[in-house]
Structure formats: C-alpha cells, structure tokens
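Please look over the chain shown below together with its ligand. The briefing that follows takes up the ligand shell, the helices, the sheet, the domains and some backbone details in turn.

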Amino acid sequence: MIKLGIFGAGHLGKFHINNWKEISGIELVGFYDPDDSNAAKVEKQYHLKRFADPAELISLVDAVDIVAPTNHHFVLCEMAIRNGKHVFVEKPMADTMAEGNAIVKLVREAGIKLQVGHVERFNPAFLALKGYDFHPMFIEVHRLAQFNPRGTEVSVILDLMIHDIDIVLHLVKSDVKNISASGVAVMTETPDIANVRLEFNNGCVANLTSSRISMKKMRKMRVFQKDAYIGIDFLARKTEIIKLKGEGDDQLFSFDIETPQGIRTLAIDNPVVEDNNAIRMELTAFRDSILNNTATAVSEREGLEAMHIAHQILQKIESNFAIAKSSI
Ligand SMILES: NC(=O)c1ccc[n+]([C@@H]2O[C@H](COP(=O)([O-])OP(=O)(O)OC[C@H]3O[C@@H](n4cnc5c(N)ncnc54)[C@H](O)[C@@H]3O)[C@@H](O)[C@H]2O)c1
C-alpha cells in the first residue's frame, strides 16, 4: 500500500480525492487545506481526515498529491521532497523558473518520483494516437474557455496554454529557436488571451491561441506533416487522420484528388477513442511509477521545459506591451 496525502482540496483536489479512492494500492491518509470552511465540508463529505499541519501529514505518507494554487506548489514540493516523499504536482509545476529549477535539483538529489499534472497527455483523443509516427511541420492549436476566476492567479499562458505547450514539445522533439507572442490582459492583471508562434530548430512551426474570455469552449490541435493531417479534439474527444493512402489502408474510407502530378488517393482514419477518465489514468500512472520504480509519465524535466517556454512567452508579451506603451 502506498500511503498518500492530498494538499489542496478545492475544485480539482476533490476530483483527485474521488479518483484516488478508486485506485487500488493507495491508502488515503488525509488532506491539508488552510481554508477552514472548505476543509470542514471536505472532511465530512469525503470521510477524509483533515491535518492542520502540512509537516505532520507529510511525515505520515509515502507520496503527496499537490493540488493547491500554483504559488504554493514550490513550498509544498520542497517540504515533501526533502522528506523523501514521491510527488504528484499539478501544472504548472511551479510559479517561477527559479522554483522550477530548484525542484528539478531537489528531485535529482532525493531520487524520488515526481509527476506533473499535464493531464491532456492522458486525454483519450490523444491516447488514441499512441505509437503514431509524428513528425510535424506545422501545428495549429486553439484552447478557448469561458471566464472563470479560478486559475486567474496566473496568466492564461500558465493556466491554459501550458497544456498545449507540453503536448507540442512532446510531439516536436526539437529545440525552440524563436518565439513571437502577443497577448492582452482584459479581465485580470495578466494576459487573458494570447497568440504565440513557436519556431523549432527542425523547421516546425506551432501557432497557439489561448483564451479564458471566450463565449464558447474549444480545445483543438491540428498537426500537419508531410504525409498526413492529424486533428485532435481534446474537448469532444475525437481524433481524425487524413493521409495519403498507403499499404494496409484498404479498410479505410478513401477518395481521389486530381493534381498536376496525377491522381492522389487520400484515406481517412478515425482511431478508436476509448472512454477513459484522464485524471484516473494519470494518477494511476504515478502510482505505477512508484510501484515499478520506472520513470514518471510527465517528468519534472518536462514540467520545467513547458514552464521555460511559457515564461519566455510571457516575457515577449511584456516587452511588446512596453514597446507599444512607449510609442503612444
Ligand atoms: N490539470 C488541469 O487540467 C488543471 C485544471 C484545474 C486546475 N489545475 C491546477 O490545480 C491547482 C488547483 O486548482 P483548483 O482549480 O483546484 O483551485 P481551487 O482554488 O479550486 O482550489 C485550491 C485549494 O487549495 C487550497 N490551498 C490554498 N493554499 C494551500 C496550501 N498552502 N496548501 C494546501 N492547500 C492550499 C485552497 O484553500 C483551495 O481549497 C492549480 O495549480 C491549477 O493550475 C489543473
């Protein structure tokens, strides 16, 4: 049995508690949340012991799940890691790059497992493409959400776009050589809407748009590569591949297109998307990495890499804003 403590029992923390209860091999020891009124409700509704002292809870467990607001991630991670406990921490891994770098160093020194909650890696629409031969040249991403004060302690880049930054870095596997970005703070003090262009050393370009002030929701990624277009709808949980028809594609719906080079046959593939619970899967993967002593599904290095790009984007947006202001 892995003894586990939860830090932060807010909106997402409650989903985590429900899921941990269904995962075998886990003994939920209790939770820490400084909000008295919320904690009293959670204690009663989930029959879970509340701890008033985070250090006491850490001393009693093998692993922690940090679902507190981002500005508290580092202090909690540090306390857990220094005590040799495994850590699951929500995205973004930490607030500042200094904190992110310190977490990577602490993990290396302590030899514990740390997984970052980039849950879209476990989205069934993305999992349906497991093993697919990605070599993107152009990626277009839209992640639009309606306004919700939750999460606005950080910019839309660190709140929403970071999901797509993580997936794009995971797919492209090349270093980012140039970033262009534009963003506007409309409802909060930090950018609420942003458009970003990432140029990679291998020639790939990714355009990412994120908004938390939209009227409708959208979470779509379109990946273009030499032989295929891959559409991933993270919200509707649908995946589509349109590709040049090749060997083994006889079962797929196909159609011909006349080109100056002759007839080209395209095939449409809709990989089976399983009806999975992404949160349950990411938490189970964390459990398995502890039990089997294997690498975590989203490591602290990948968490830091996504933060690094997100912070560079924010710097670009800030410097563009400063230039625009100075020219008024
Ligand atoms: N992976 C995702 O898709 C996803 C989605 C939503 C939120 N998140 C992340 O999860 C985290 C929490 O988000 P939320 O929406 O649940 O926020 P929330 O505001 O609903 O809940 C946060 C809870 O943490 C508690 N808290 C505050 N300080 C704390 C501390 N020092 N120690 C322990 N608990 C503390 C608060 O009292 C509150 O109950 C954030 O980092 C956010 O970025 C990730």
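**Briefing on the predicted model**

Helix H1 (residues 11–22) contributes the most to the shell around the ligand, with three residues; helices here are DSSP runs of H or I with at least four residues, strands are E runs of at least two, and both are numbered from the N terminus. The model is a predicted one, in which local features need pLDDT of at least 70 and side-chain atom pairs count only at pLDDT 80 or more, while totals for chains, interfaces and linings use all residues. Residue numbers start from 1 along each chain as its sequence is written.

**Ligand shell**

- Among the 24 residues around the ligand, those that come nearest are Gly8, Gly10, His11, Leu12 and Asp35, a residue being near if its C-beta atom, placed from the backbone, lies within 6 Å.
- Sorted by class, this shell around the ligand holds ten nonpolar, nine polar and five charged residues, where Ala, Val, Leu, Ile, Met, Phe, Trp, Tyr, Cys and Pro count as nonpolar, Asp, Glu, Lys and Arg as charged, and the others, Gly among them, as polar.

**Helix pair H4 and H5**

- The axes of helix H4 (residues 73–82) and helix H5 (residues 97–110) come within 10 Å and cross at roughly 10°, with axes fitted as lines to C-alpha atoms, for helices over the stretch in contact, and angles taken from 0 to 180 degrees between N-to-C directions.
- H4 is therefore roughly parallel to H5, since angles under 35 degrees count as roughly parallel, over 145 as roughly antiparallel, 65 to 115 as roughly perpendicular and the rest as oblique.
- From H4, Phe74, Cys77, Glu78, Ile81 and Arg82 meet Glu99, Ile103, Leu106, Val107 and Ala110 of H5, contact requiring C-beta atoms, placed from the backbone, within 7 Å.
- By class, this contact of H4 with H5 has seven nonpolar, no polar and three charged residues.

**The nine-stranded sheet**

- An open sheet of nine strands runs in the order S7-S8-S9-S6-S10-S11-S12-S14-S13 with mixed pairing, two strands being paired if DSSP finds at least two bridges between them.
- Strand S7 (176–184) and strand S13 (253–259) are the edge strands, each pairing on one side only, and the twist averages 10° from one strand to the next.
- Strand S6 (residues 138–144) and strand S9 (residues 205–211) run parallel and are joined by seven bridges, with Arg143 opposite Ser210 in S9.
- Helix H7 (residues 156–172) packs on the sheet and touches S6, strand S8 (193–200), S9 and strand S10 (218–225), its direction making about 155° with that of S9.
- Strand S11 (residues 228–233) and strand S12 (residues 238–244) pair in the antiparallel sense over six bridges, and they form a hairpin with four residues between them, in whose turn Arg237 has a positive phi of about 60°.
- S12 is also joined to strand S14 (residues 262–269) by four bridges, the two running antiparallel, and Lys243 stands opposite Ala267 in S14.

**Domains**

- The domain assignment, which is automatic or taken from a database, gives domain 1 (2–119 + 279–298) and domain 2 (122–273 + 311–320).
- The centres of domain 1 and domain 2, taken over C-alpha atoms, are separated by 29 Å, and their contact takes eleven residues from domain 1 and nine residues from domain 2.

**Backbone details**

- Most residues other than glycine have a negative phi, and most peptide bonds are trans.
- The peptide bond from Lys91 to Pro92 is cis, with omega near -15°, and Pro92 is found in the loop between strand S4 (86–90) and H5.
- Lys173, in the loop between H7 and S7, has a positive phi near 50°.

Terms used. Two residues are in contact if their C-beta atoms, placed from the backbone, lie within 7 Å.
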